[in-house]
Amino acid sequence: MFNKIKEECGVFAISEAEDDLDIVNTSYLALYALQHRGQEGCGICVNNKNSLALYKDIGLVSEVFTKRNLDKLPKTSIAIAHVRYGTTGDNNRANVQPLVVNHKEGKMALAHNGNLVNDHTLRDKLESKGLIFQTTSDSEVIAYLITKNRLKSSSIEEAIEKTMYEIKGAYSLVIMTPYKLIVARDPRGFRPLVMGKLKDRYVFASETCAFDAINASYIRSVAPGEIISINKGQLKSIKTHCNKYKRSLCVFELLYFSRPDSKIDDIDVLDARLKAGEFLYTENKIEADVVIGVPDSGILSAIGYSRASGINYGVGLIKNKYIGRTFIQPKQAQRDSSVQIKLNVVKSVIEGKRVVLIDDSIVRGTTSIRIVKLLRDAGAKEVHFRSSAPMFLNPCYFGTDIDSKENLFACKHTKEEMKDILNVDSLEFLSVENVVKLSKENIGYCTACFSGNYPIKPKTERSKSHLEQ
Ligand code: SF4
């Protein structure tokens with residue numbers, strides 16, 4: 001899928017231990033594995049002898065962390081790291097994370113994946129009391145509230161606990177003080193956060209693919225609402241905010257955001273994508289000669305479709321790996337022209353065939369139109385489009401860039417109109433009923449962009465900042 005939905009952010013953290021591990025290089029490798037979650041900027045903050053050293057900038061991990069820049073950071077003892085795609089705030093260096101703040105009790109660094117839905121209300125309240133923000137990111141609001149609550153708390157953990165009563169929305173947080181590493185996940189668990197072990201150190205990341213990159217072993221997911229604090233190797237779990245709400249893991253993590261080699265909330269993403277393909281066939285059986293997937297995130301569902309249907313899987317589209325993700329480019333004109341550069345059709349797989357084309361979703365429709373045209377030009381006899389996500393009918397308020405209703409293809413057109421505009425012989429989307437069955441058991445998902453059932457209800461569609469519990 002190209003130029004449709006931007007990713008959200010990725011976090012990583014590593015606790016201290018008495019060893020000679022180079023935690024800067026370890027964080028760098030983990031960020032590399034999480035690069036798909038954000039390409040705008042990245043940073044690593046290291047706690048060295050109780051002083052916090054930070055390096056961050058706009059750009060990809062490989063661009064920001066040259067050897068020279070990595071060498072600027074001390075190699076011990078605790079670190080937190082972040083890759084950013086900004087769903088709130090401008091793309092400038094100040095908004096790149098981790099954020100480091102000074103407060104009465106010392107320093108604190110924080111990195112955040114997700115999006116607060118009451119960010120503006122909180123910001124307005126704080127600004128009316130004279131507070132000046134350095135960034136436009138909601139993460140700074142969280143950092144400020146924690147430091148404010150720290151003044152009336154006996155520990156940083158208690159301050160975070162208090163802050164979690166004030167902030168609403170999606171957040172997976174990694175926080176570092178001069179002595180502790182603390183992570184927290186919002187009570188509904190919108191965004192993933194997993195825990196692992198690397199020798200004597202605890203590691204945390206948005207996805208387990210970061211653990212594979214550093215040879216860490218996976219332990220479990222951080223529970224929705226859980227706060228975990230690590231101090232001198234000792235782990236403390238605080239569950240005051242757990243089990244308050246139904247879990248609302250973003251179901252689109254399974255279909256698109258997360259890497260297929262990752263495990264989130266104990267679900268193998270790869271299995272979920274294969275399952276989506278199976279459902280696409282069983283929901284609407286057709287006859288065809290070949291099933292192909294749009295690289296990369298449509299491939300596994302195409303394989304699942306092929307297994308369920310017995311229709312041959314073919315490599316019908318080849319992706320040029322040596323080009324940046326088109327959705328990094330801000331202008332629509334640039335995005336459109338780059339589709340052809342990014343994808344090429346394997347004519348021998350397509351020509352004269354009835355083709356089932358599987359993509360992970362259709363958001364604005366522009367890319368899908370171009371891909372179908374590529375197949376038609378290559379001589380496809382029939383094109384049957386299948387989307388492994390249901391129709392996008394609603395915006396997302398929880399840390400992704402799913403568009404406003406006026407830009408969503410499925411909001412502007414009926415299914416029949418979409419079929420005509422795409423120039424396909426048939427068009428089907430995975431049903432909302434089955435999207436929650438992609439894992440063995442329905443653990444509780446957010447499906448709001450498809451179903452309109454918001455775990456935190458918007459008061460109005462237009463105002464992203466006015467949502468109610
Ligand atoms: S609205 Fe959609 S993209 Fe946003 S969290 Fe819910 S399922 Fe995920």
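This is a predicted model: local features need pLDDT of at least 70, side-chain atom pairs count only at pLDDT 80 or more; totals for chains, interfaces and linings use all residues.
Residue numbers start from 1 along each chain as its sequence is written.

**View A. Helices α5 and α6.** The axes of α5 and helix α6 (residues 156-166) come within 8 Å and cross at roughly 125°. Helices (H or I, at least four residues) and strands (E, at least two) are DSSP runs numbered from the N terminus. Axes are lines fitted to C-alpha atoms, for helices over the stretch in contact, with angles from 0 to 180 degrees between N-to-C directions. Angles under 35 degrees count as roughly parallel, over 145 as roughly antiparallel, 65 to 115 as roughly perpendicular and the rest as oblique. The crossing of α5 past α6 is right-handed; a crossing is right-handed if the near helix is turned clockwise from the far one by less than a right angle, and left-handed if anticlockwise. From α5, Ile142, Leu145, Ile146, Asn149 and Arg150 meet Ile156, Ala159, Ile160, Lys162, Thr163 and Glu166 of α6, where contact requires C-beta atoms, placed from the backbone, to lie within 7 Å. This contact has six nonpolar, two polar and three charged residues. Ala, Val, Leu, Ile, Met, Phe, Trp, Tyr, Cys and Pro count as nonpolar, Asp, Glu, Lys and Arg as charged, and the others, Gly among them, as polar.

**View B. Helices α4 and α5.** Helix α5 (residues 138-150) also crosses α4, at roughly 55°, with the axes coming within 10 Å. The two helices α4 and α5 are therefore oblique, and α4 passes α5 in a left-handed crossing. Asp119, Leu122, Arg123 and Leu126 of α4 meet Asp138, Val141 and Tyr144 of α5. By class, these residues are four nonpolar, no polar and three charged.

**View C. Helices α9 and α10.** Helix α9 (residues 269-283) and α10 have axes that come within 7 Å and cross at roughly 50°. That angle makes α9 oblique to α10. The crossing is right-handed. Residues of α9 in the contact include Leu270, Leu274, Leu280 and Tyr281, and those of α10 include Leu300, Ile303, Tyr305 and Arg307. The contact of α9 with α10 divides into 10 nonpolar, five polar and four charged residues.

**View D. The two domains.** The assignment gives domain 1 (9-245) and domain 2 (269-468), with bounds from an automatic or database domain assignment. Their centres, taken over C-alpha atoms, are 32 Å apart. Domain 1 gives 16 residues to the contact and domain 2 gives 12 residues. On the side of domain 1 that touches domain 2, β6 (106-116), α4 (119-128) and β7 (169-176) each give two or more residues. That side has three nonpolar, nine polar and four charged residues.

View E. Phe190, Cys250, Val251, Phe252, Cys396, Phe398, Thr400, Ile402, Cys446, Thr447, Ala448 and Cys449 are around the ligand, each with its C-beta atom, placed from the backbone, within 6 Å of it. The shell has 10 nonpolar, two polar and no charged residues.

View F. Most residues other than glycine have a negative phi, and most peptide bonds are trans. The bond from Thr76 to Ser77 is cis, with omega near 5°, and Ser77 lies in the loop between α3 (67-71) and β4 (78-84). A cis bond also runs from Pro295 to Asp296, with omega near -5°; Asp296 is in the loop between β17 (290-293) and α10 (299-309). Lys49, not a glycine, has a positive phi of about 50° and is located in the loop between β2 (41-48) and β3 (51-58).

Notes: Two residues are in contact if their C-beta atoms, placed from the backbone, lie within 7 Å.
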